[in-house]
Amino acid sequence: MSSINITVDLNDNNLILPPDNFYYVDQGNYQTLDLDSGKPLTIYSDSATSCIITIVVINTASGTSVTLAHLDSPACISAFFEIIEERAADSLQIFAQGANPADNATSKENAAQLQACVDALGSKVTACELSLLKGNPQEQNRGDFGFSFDGNGNAVASNQPYTLELFQRDPSCGGQTVYCIMRRQETPPVQIRDAGKPFTHAELVELSSIAINFRKTANDPSTAFTNIVNLQSDEIRQNWSTTPAYEAPWFSDQLKLGAAFAIAMAPVVSLSEQHLIKSNTPSFTRLRNAINPK
């Protein structure tokens with residue numbers, strides 16, 4: 001569509017069920033959707049503390065789209081805006097909420113980086129509303145942000161929260177969570193990915209392999225990522241969050257899901273590492289010979 005009327009609604013509304021054509025974007029991801037006449041949609045993220053949920057409406061000669069990203073570090077923010085710059089937009093409208101609590105060092109770093117990236121876009125930015133460093137992320141829906149398009153040229157950028165189950169936050173049953181925690185342990189580190197593309201088998205094997213072997217303290221097995229399955233919720237928040245006092249109620253459950261996924265993937269990792277390397281001799285040679293004797 002050539003023209004979208006966008007309003008901003010920051011509220012303290014209660015949770016509601018997600019509508020049809022609903023898209024959820026988790027931490028360390030972005031997703032882009034075209035805004036087409038007659039096709040309403042809602043794209044949304046939540047659980048932001050020091051993270052910043054960012055919405056960019058991109059106008060090009062071929063049409064209008066919306067991109068929502070859940071950004072968790074200065075490097076992640078920079079990587080996202082590099083993607084935006086590659087779109088060669090005629091104009092951009094940018095809305096964001098997050099970077100809380102205001103006295104947190106990571107919140108301050110993220111807010112400063114986001115502002116610098118927006119400023120670098122210059123005159124292409126025709127509208128910009130950034131709700132950053134406002135206070136407790138558990139109050140006034142400061143951890144939520146999304147974009148709803150009615151299909152008729154009108155849209156709202158809002159912090160309306162939605163009721164979601166774990167499988168809606170992580171349709172890969174834990175793979176997304178493993179990605180979120182382990183992506184910077186890869187070489188080179190992965191800052192952000194397109195949530196519209198499913199994980200490949202090779203990506204899940206690599207991430208799970210890292211997760212199975214990861215320890216925050218090298219010689220302390222109690223700091224292993226997989227040991228999360230043995231921890232209570234408060235222990236998980238204290239050990240694995242940069243803002244433990246402000247995490248969403250499902251934070252610990254989602255990390256347990258990720259740790260359980262890594263453990264369940266251990267046999268797949270072992271077999272994949274063996275059989276995807278062409279120099280390895282296949283394990284089932286003797287069985288094959290028994291079934292098909294030469």
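# Legends for the close-up views

**View 1. Arg237 and Asp234 both belong to helix H6 (residues 233-240), where three residues, about one turn of the helix, separate them.** The model is predicted, so local features need pLDDT of at least 70 and side-chain atom pairs count only at pLDDT 80 or more, while totals for chains, interfaces and linings use all residues. Residues are numbered from 1 along each chain as its sequence is written, and side-chain values use heavy atoms, with hydrogens and water left out. Helices (H or I, at least four residues) and strands (E, at least two) are DSSP runs, numbered from the N terminus. Arg237 and Asp234 form a salt bridge, with 3.4 Å between their closest N and O atoms. A salt bridge here is a side-chain nitrogen of Lys or Arg within 4 Å of a carboxyl oxygen of Asp or Glu. By this rule the count is five salt bridges. Arg237 is partly exposed, at a relative accessible area of 22%, and Asp234 is also partly exposed, at 43%. Buried means under 20% relative accessible area, exposed means over 50%, and partly exposed lies in between (1.4 Å probe, protein chains only).

**View 2. Asp72 and Arg183 join their side chains in a salt bridge, at 2.8 Å from N to O.** This pair links distant parts of the chain, 111 residues apart. Asp72 is in the loop between strand S6 (63-71) and helix H1 (74-86), and Arg183 is in the loop between helix H4 (175-182) and strand S11 (193-194). Asp72 is buried, with a relative accessible area of 9%, and Arg183 is buried at 0%. A network of salt bridges links Asp72, Arg183 and Arg184.

**View 3. Arg142 sits in the loop between strand S8 (125-132) and strand S9 (145-149).** Its side chain meets that of Glu139 in a salt bridge of 4.0 Å, N to O. Arg142 is buried, with a relative accessible area of 13%, whereas Glu139 is partly exposed at 43%. A polar atom of the Arg142 side chain lies 3.0 Å from the backbone oxygen of Asn136. Such a polar contact is a pair of N or O atoms within 3.5 Å; within protein, one must be able to donate a hydrogen and the other to accept it, and residues adjacent in sequence count only if both atoms are side-chain atoms. Apart from neighbours within four places in sequence, Arg142 is in contact with residues including Ala48, Gln97, Gly98, Asn100 and Lys134. Contact means heavy atoms within 4.5 Å. Leu121 is 21 residues from Arg142 along the chain, and their C-alpha atoms are separated by 25 Å.

**View 4. An open sheet of six strands has the order S8-S7-S5-S6-S3-S11, with mixed pairing.** S8 and S11 are the edge strands, each pairing on one side only. Two strands pair if DSSP finds at least two bridges between them. Strand S7 (residues 91-98) pairs with S8 in the parallel sense over seven bridges. Leu130 in S8 is the bridge partner of Ala96. Helix H1 packs on the sheet and touches strand S3 (29-34), strand S5 (52-60), S6 and S7, its direction making about 170° with that of S6. Helix H2 (residues 105-120) lies across S5, S6, S7 and S8, and runs at about 175° to S8. Axes are lines fitted to C-alpha atoms, for helices over the stretch in contact, and angles run from 0 to 180 degrees between N-to-C directions.

**View 5. Helix H1 has buried residues at Cys76, Ile77, Ala79, Phe80, Phe81 and Ile84.** The cover over these buried residues includes S3, S5, S6, S7 and H2. The end C-alpha atoms of H1 are 19 Å apart, which agrees with the 18 Å that its 13 residues should span at 1.5 Å a residue. The expected span of a helix is 1.5 Å times one less than its number of residues. Just after H1, Ala88 takes a positive phi of about 50°.

**View 6. Thr223 lies in the loop between H5 and H6.** At 16% relative accessibility, Thr223 is buried. The Thr223 side chain reaches the backbone nitrogen of Thr217 at 3.0 Å and the backbone oxygen of Asp220 at 2.7 Å. Beyond neighbours within four places in sequence, Thr223 is in contact with Phe214, Arg215, Lys216, Thr217 and Trp240. In H5 (residues 201-213), the buried residues include Leu204, Val205 and Leu207.
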